Amino acid sequence: MLRVTNLEAGYGKLRVLKSVSLHVSAGEIVILLGANGAGKSTLLKSVCGILRPQGGRILFNGRELGGAGMERIVEWGCVLVPEGRQLFSPMTVKENLLLGAYRRLRRGEGAKVRQSLEEVFDLFPRLAERQAQLAGTLSGGEQQMLAIGRALMCAPRLVLMDEPSMGLAPLAVDKIFQTVAELPSRGITVLLVEQNARGSLAIADRGYVMETGQIVLEGSSQELADNHDVRRAYLGKDYRKIEE
Ligand code: ATP
C-alpha cells in the first residue's frame, strides 16, 4: 500500500531524513519508534504532503505522493492525525467532524458522509454523546478521539498517526490503542508514530526504529519487543514479553 524508498527530507538546508525506506501493507498496523528529534514527524509530514521530499520516492497504491500536495493525497485516501490534535476549539464535536469531510460534502457525497459520521460514532460512542460540546472543553482523551474521528471522516485507506497517546492519562491511552487496533478490521491501515513503545507494540504487526534520520532496525512487534536495544531504550529493564 505504502512504499517509501530512499527518502530524503528536511527543512531548508537541514537534511533530517537520510535514505529512509519502509513499507506498509494493506491491513497492517506498523509502528515507527524513535527518540525525540529522530525524524518521525518529518517522515509523516513527507508522506502526507506537508513537506516536499528532497529525494527518493513515496508510492501509495502505485501513485507517487512526493510533490502531489496534501489535498490530492487526502483524496487518494491517505490522511494524517497530527501531533497535538489541532482541533478547532470553539467549534462543536460534530462541526469538527464535518470539517474533516468538507470536500466530500462539496462533491455532494452527503449520504456517504452521514454514514462515515455514524461509523465514527460507533467507534467512539463518547463522541456521539458529546457531539454538541465545544471541542476545546473535551478531556485530552476525548480530543484525541475527535482528532482520529475527524481523519476518518475523509474516508481514508491509510491513516498516519503522530503520537496519539501523548499527554494522556493511562486509561485514555488504553482506549486510544484499543480503537487503533480495531481500524484494520474496518478496512483502514495504520502507520503509527509513538514513544509509548509498550502500548503500541502490543497492537502493531511490525515496526521500525529510527535514529537521527535513519531506520536502524525493523522487525515484527515481537522481534522488536525482544530486542535488547529496544528494551533498554524504550521499554525499561522490567519489561516482559508482550504476550505475558
Ligand atoms: P518528536 O518525537 O520530538 O516529535 P520526531 O522524531 O518526530 O521527534 P521531527 O519532529 O521529525 O522529530 O524532527 C526532526 C528534526 O527536524 C529535529 O532536529 C527538529 O528540530 C527538526 N525540525 C522539525 N521541524 C522543523 C521545522 N519546521 N523547521 C526546522 N527544523 C525542524
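Predicted model: local features only at pLDDT ≥ 70, side-chain atom pairs only at ≥ 80, totals over all residues.
Residues are numbered from 1 along each chain as its sequence is written, and side-chain values use heavy atoms, without hydrogens or water. Local features need pLDDT of at least 70 and side-chain atom pairs count only at pLDDT 80 or more, while totals for chains, interfaces and linings use all residues.

Strand pairing was examined at the N terminus. Helices (H or I, at least four residues) and strands (E, at least two) are DSSP runs, numbered from the N terminus. Two strands pair if DSSP finds at least two bridges between them. Strand S1 (residues 2-11) pairs with strand S2 (residues 14-24) in the antiparallel sense, over seven bridges. Leu-2 stands opposite Val-24 in S2. The two strands form a hairpin with two residues between them. In its turn, Gly-12 has a positive phi of about 60 degrees. S1 also pairs with strand S4 (residues 55-60), again antiparallel, over five bridges. Here Arg-3 stands opposite Leu-59.

Glu-8 lies in S1. Its relative accessible area is 19%, so Glu-8 is buried (buried means under 20% relative accessible area, exposed over 50%, partly exposed in between; 1.4 Å probe, protein chains only). Its side chain makes a polar contact with the side chain of Arg-15, at 2.5 Å. A polar contact is a pair of N or O atoms within 3.5 Å; within protein, one must be able to donate a hydrogen and the other to accept it, and residues adjacent in sequence count only if both atoms are side-chain atoms. A polar atom of the Glu-8 side chain also lies 3.0 Å from the backbone nitrogen of Ser-19. Beyond its neighbours within four places in sequence, Glu-8 is in contact (heavy atoms within 4.5 Å) with residues including Leu-17, Lys-18, Pro-53, Gln-54 and Gly-55.

A second hairpin was found between S9 and S10, with two residues between the strands. Strand S9 (residues 206-211) and strand S10 (residues 214-220) pair in the antiparallel sense over six bridges. Met-210 stands opposite Ile-215 in S10. Thr-212 takes a positive phi near 35 degrees.

Nonpolar cores were then identified. A nonpolar core is a set of buried Ala, Val, Leu, Ile, Met, Phe, Trp, Tyr and Cys residues joined through side-chain atoms within 4.5 Å. The largest core has 47 residues. Leu-97, Leu-127, Leu-146, Leu-152 and Met-161 touch the most other members. Helix H7 (residues 140-152) gives this core its largest share, six residues. A second, separate core has 29 residues, among them Leu-17, Ala-68, Val-193 and Met-210.
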